[in-house]
Structure formats: C-alpha cells, structure tokens
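The sequence and the coordinates are shown first.

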Amino acid sequence: MLKSRFSGLLFQLIALALSFGVVSLILISIDASPSEAFRNMFKGSFGEMRKFAEVLVAFVPLLLVTAGLLVTFSAGLWNIGVEGQVVLGAIATTWVYRYFLESDLPPALIITLAILGGMIGGAIWAAFTGILKVFGGVNEIFGGLGLNFVATALTIYLIFGPWKRPGVASMSGTIPFPDEFSLPLIENLRISPWALGIALIAIIIVFFLLQGTYFGLKLKAVGKNFRAAYLLGIPTWQYSMYSFLICGALAGLAGAMQVAAVYHRLIPSISSGYGYLGLMVAMLINYQAIWAIPVALFFAALNIGSIQLPIVMKLDSSLSGVLQGVLVLFALLVEGARQKFIKKGQNT
Amino acid sequence: MTQETIIIGLAGILAASAPIVFAVLGETLSERAGVINLSMNGTILLSAMGGFAVAYTTNNIVLGFLTGMLIGALVALIVAFASITLNQSQVAVGFVLALTCRDLSYFLGNPYMGLPGPRLQALPIPFLSDIPIIGALFFRQDAITYISFIAIILVWVWVYRTRPGLMLQGIGEKPAAAYIRGANVNLMRYVYTIIGGALIGLAGPAFSLASRAGWMGTISGLDGFGWIALSITIFGGWNPARAAFGAYLFGFLQWLGLVLQPVLTQVPSQVLQVAPFPLMILTLLLVNIGNAEWVDRTLAAMPERTRKFFAKLLRAMRASPPASLGVPFERD
C-alpha cells in the first residue's frame, strides 16, 4: 500500500498539514492569529486582479529558474550559483540596452537582443562554476556561492560606478530605460504576457528535454551514476557543462525578464532571491518538471501575499520564507520516513 | 600608521574573527565525522537573534550564549536526523534549514530590532595584559574571544592527540573499519554533528552580544558569514588549526578593505566588503586543483624535474575531504 502513488500523495498532504501546523504554532507563540495571517496572505495575492498580476510577475522568474535547475539537478549537480546567474543575466541585458540606447534599430529587435544577451550572460556565469568544478575540482556549491557574492558586488559596482545616474548614484539603481524598451505590459497591470509566455514555454521545453530526448536520458544517467555513465561511454564532463550552460541561460533569461519587463533598469537586489527560492521549488517537487507550474505559482503567491503582513498585522514579511522552508523541510522528512516504512515492509 | 594603531587593529581582528572561528571549528568537527552541516548561515543568524533576545529579556548575557548553543545544537539535530536516520540528502536538508532559519530569525527578531542590549566588556587578564605587544594583542580581549582561543587548542588536541579523536578521524575516513573496531558510527555522527552545531550556534551570540552587539534584522550585516565559514572550513582542509588560521586571514582581509577605503575612493565600499570572496574562490581552487584528474595527466607528461616541483607544490596546498563526507553509513 505504501508504495503506491496514492501513498506518496497522502504523505505529501501530511507534510503540508504539518508545516501549516508548525507555522501556526510559531504565530501563536508571538500572540498572532494564524487564521488571520493566512487569510491576509491569501487576500494579498488573489484578492484583486492587480495583486494577482503581481503574483504572476514573481512567478515568471521563479518558474524560469526552476526550469533551469531541473536540468542541473538531473545531472546530479547542486547549482547554488543560480542566484548569481540571474544577476549576470540582468547585468548583460542592461549592458545591451545601454549599448543600443542611441541607435535607430527597431525597439523589438533591441529587446530581443537584450534578452538573448541576458541568456548568454547567465550561461557564461554558470560556465565559471562548471569550469571550476570540472577542471578545478571545486565543488559547485562553494564555487557557486562565491560567484553569487561576486555577482552582487559587480551589480553594486556598476550602479555606483560606471553606470551611475547622472548626478548622484543611489540604491534605486541605474537610470530607467525609455518606455519602448519594455516588453509590452497588459494595460494598467505590471505583468507582461510575453514574459509569462516565455516562462511557460521554457518549462515545457525542459519537460520534453528531460522526458523525451536521448540527451535528457544521458543527462539523467550522468546524474544517477557518474562513474557508470562514464564507463558506458557518455562524455560525462561535457554533459555536466551542458547542464550548467542550459541552467545558466534560463537563469539569465529570468534576470533579463526582471530588467526588460519589471524594473526597466538595473537595481541592487535585481534577483530578489528567486534563485534560492527556485532551489526550494525544485526540491519540493522532487525534481519532477510536471509539478513546477503549480508549486512555483504557490510560492510566488506566498511571497506577494506576505507583503500585506507588516501593514495589516505588524508582522515581518519573512513569514512567507518560513512557511516555504518548513514546507520543503517536512516534505524531505516525510519522504524519508515513507522510504523507511517501505524498506521495513520489504524486510519483514 | 603607528605601531599602536596596527596592534589595536590586529587585536580587533582577533576579536572580530571569534564568531567565524567557532563556526569553522564546529563545521570541521561535523564534517570530520562525515556530516556536512550546510545550515550554518541560517543557524548563525537564528542563534544571534535568539541569543540577543534571551540576553535582553533576562538581562543575563551567559544565558544568551547558552541559548545560541542550544539553537545550533537543535538545528544540527535536524540535519543529523534527516540525513542519518531518514537517509535524505545532507545538502538538501542543510540548504533548506539555512534559508528557513534565516527567515525565522528575521520574523521572530522583529520586536527586538535596534534595541540597546547587553554587550560583553573587555576583560584584561592581570599581569599578562601588561606584556608589551602580546598583552595588547591577546590578553585585553573579552571573555568570548578568550574562549575562541581555547576552543582552537581544545579541538585540535581532541582531533589529533586523543583516542576518541583518532576514532573520529576513522569515522570520517573509513566508517566501515571504525565500525569493525567497535565504534557506533551513526551514534558518533549524531554526537559530533550536535557538538559541532552547538559551536556554530556560539558564533551567533559572539556577534550579537560582543563584536557586533545588537540585532538589526536584515541590515545586521550577518547574512553571508555562514557561507564564508563554510568555504573557510574547506580552506582549512578539515584541520582545526588551519581552519582557524583561515578565519583570521578572512578577518584580516576585511580589515584591510576598511583601511584601504579612504585610499581607494574610486571603489565603492560595498565592493571592498566582498573582495574576500574572489580570493576565497581562488584559494579553494588552489586547494582543490590537485584533486582534478587532468592535473595528474598533465603532470605525467612533464619532464621529471618540473613534475616533481609541481607535484610537491600541489601536495603542500592540497586538502582532501574526509573520504566518507556526505555518504551515509549502513552496516550490512
């Protein structure tokens, strides 16, 4: 019984219930009403069209990052450097925009070039982690983390240095680009249907890449058993590099969307932590691409919904992060417990 | 710069590095036993907040430090339970805890933001503090800095000079062999992960009750130190003394960044603050590159003399992790 798909779902529901239970306890411990907090978060994300559009704005980069991470996870790599890859995507996009600021090219072409530039920027940054890993023996977690900090420093250097606003540089970022450089937005809302479409197409491509292609199969072979894949004649290190490049390009695309569709300039916190959050989504969906859309949407809704909390209830908005983290933690623990039960069942 | 300002600067580095020293010692112990505690960044923030909150409410600074240790031990217990008992990925659980504990510290610490709380005072040691230079460097610090000095020595002696320490090395390198010789591998892993976690948890209050007293939420500037400590642990090659040296080196680089700021006015201060990171990657590269396969192949193709030189150089820098790091142990 425990082996069936039904039991997997049942255990995940238990994890969900446990996490809401724990977060409720945390809220009660500081004399806040859990039901009021959850209700405010729901209202803050789905209550109005305008708020739901904000959820979608957060959903786009999160889904793109998750799509990329599914590729590196399939290859058995922990691409924690994804956060920096988003940042470099944003930097590269800004660079392309600045380069064509005075040109007569049609805006649509410039936007396309800027987005492609972002993908290349992210891929190059991911390649650094890959090279450090493949040729330098530096674990991708540590190389990636270090590069994340370098990426943030680079952003701040550019904003306060070469790309500073005329007059005075500030944390509000570089000077905004003209309106025609923006991806078209829905009227009166901040969401761009183009960005949404690109993100959905990306996850679909990744789904088919991993499920239905020879490339995906080999990638998974490398991820499952590096040594065996090598002995079977799969060029393992090339596949590791490919997965870094694909993930970097998708993370860079997320950064490009942040610039081209949301902020229209480079700001210090351009990645908004979506890289790390994408790692959480990928873990929660147990690396199954098919679940990426609903779970990324749910996480985006939590992020946007929690913005209400400081205003309405004087609670810190980091509650969404706590809830997301506890959820993933319980999913891991419950999955471990389930496997343990299965094993016990087999032994007796 | 006069001699006096240099000595004050260096003494300041020793004090400011104390939290990182605790963190790298704790992580070294945990990884020596075979468990990566990746939660460090969150643990430090949560224990900094928790330690400050308890010390503020009870007005008892010692209780604050104990709270920090307790938080670190509890988080480590979750890592140990999930990875050893439930067979989940140490990296996954640790990473989730790193983010969750960070957000939890911001959430629960909200009411304590910016409050003026207790802070450890300098505690000069009679006679010793009067020794020229050395006295000013080592014996005019606060209590937690003294404890950090002692902790380095204790952990080093424990790992390299005692029987249980020898067993600890065995558990990390060849758990099967240690098991045959009578060690309860998984129990020992629990114990060392929790002790290591308590040490990591000491790093939090060492910030919030001493070198960076107070709790400021997201602008406390503590976010990131845990990740640095993680790379310093590798830089230290799982040797407590070398890891502590790495912590001081990092402290020195940060101090250098501050000192150079007025000189390098062109460079924004935020850039100098992160300057140690590229250096850290570089050192990781130097430490690890000897482990890469192509290096062996390239070396083999070199003439005898050059090969010997490079091989020696690489061996001097190289650090290999405990062989069973991150690998679950199952007796069968």
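## Two loop residues of chain A

Asn188(A) is found in the loop between α6 and α7 (193–212) of chain A. In this predicted model, the phi of Asn188(A) is positive, near 65 degrees, although the residue is something other than glycine. Asn188(A) counts as exposed, because it has 8 C-beta neighbours inside 10 Å, and the cut-off for that class is 12 or fewer.

A second residue of this kind is Lys314(A), which is not a glycine and has a positive phi of about 60 degrees. Lys314(A) is placed in the loop between α13 (308–313) and α14 (319–347) of chain A. With 10 other C-beta atoms within 10 Å, Lys314(A) is exposed.

Helix α6 of chain A covers residues 140–160, and its 21 residues reach 30 Å from the first C-alpha to the last, close to the 30 Å expected at 1.5 Å a residue. Of these 21 residues, 18 are buried, so α6(A) is largely enclosed by the rest of the structure.

Helix α4 of chain A (residues 82–99) has 18 residues, which at 1.5 Å a residue should span 26 Å, and the C-alpha atoms at its ends are 26 Å apart, so the two values agree. α4(A) is mostly covered as well, with 15 of its 18 residues buried.

## The packing of α3 and α11 in chain A

Two packed helices are described by the angle between their axes and the distance between the axes. For helix α3 (residues 49–74) and helix α11 (residues 274–284) of chain A, the axes come within 8 Å and cross at roughly 60 degrees, which means that α3(A) is oblique to α11(A). The crossing in which α3(A) passes α11(A) is right-handed. On the α3(A) side, the residues that meet α11(A) are Pro61(A), Leu62(A), Val65(A), Thr66(A), Leu69(A), Leu70(A) and Phe73(A), while α11(A) contributes Tyr274(A), Gly275(A), Leu277(A), Gly278(A), Leu279(A), Val281(A) and Ala282(A). By class, the residues of this contact between α3(A) and α11(A) are 11 nonpolar, three polar and no charged.

Leu284(A) also lies in helix α11 of chain A. Leu284(A) is buried, because 26 other C-beta atoms lie within 10 Å. If residues up to four places away in sequence are not counted, Leu284(A) touches Val295(A), Leu327(A), Val328(A) and Ala331(A). The C-alpha atoms of Leu284(A) and Leu332(A) are separated by 7.8 Å, although these residues are 48 residues apart along the chain.

The contact of α3(B) with α10(B) holds 13 nonpolar, seven polar and no charged residues.

Leu25(B) belongs to helix α2 (residues 18–32) of chain B and is buried, with 30 other C-beta atoms within 10 Å. Apart from neighbours within four places in sequence, Leu25(B) is in contact with Ala151(B), Ile152(B), Val155(B), Leu199(B), Pro240(B), Ala243(B) and Ala244(B). Leu25(B) and Ser148(B), which are 123 residues apart in sequence, lie 9.5 Å apart in space, C-alpha to C-alpha.

## The contact between the chains

Where the two chains meet, 38 residues of chain B are in contact with 39 residues of chain A. On the side of chain B that touches chain A, the elements that give two or more residues are α5 (90–109), α11 (225–235), α13 (269–274) and α14 (276–288) of chain B. The largest share of that side, 13 residues, comes from α5(B). By class, the side of chain B that touches chain A has 28 nonpolar, nine polar and one charged residues.

One of these elements, α11(B), is mostly covered, with 11 of its 11 residues buried; among them are Phe225(B), Trp227(B), Ile228(B) and Phe235(B). Gly237(B), whose phi is positive, near 55 degrees, follows α11(B).

How values were computed: Residues numbered from 1 in each chain as written. Chains lettered and ligands numbered in written order. Predicted model: local features only at pLDDT ≥ 70, side-chain atom pairs only at ≥ 80, totals over all residues. Contact = placed C-beta atoms within 7 Å. Helix = DSSP H or I, 4+ residues; strand = E, 2+ residues; numbered from the N terminus. Nonpolar A, V, L, I, M, F, W, Y, C, P; charged D, E, K, R; others polar. Buried ≥ 20, exposed ≤ 12 C-beta atoms within 10 Å, placed from the backbone. Expected span 1.5 Å × (residues − 1). Axes fitted to C-alpha atoms, helices over the stretch in contact; angles between N-to-C directions. Parallel < 35°, antiparallel > 145°, perpendicular 65-115°, else oblique. Left-handed = near helix turned anticlockwise from the far one by under 90°.
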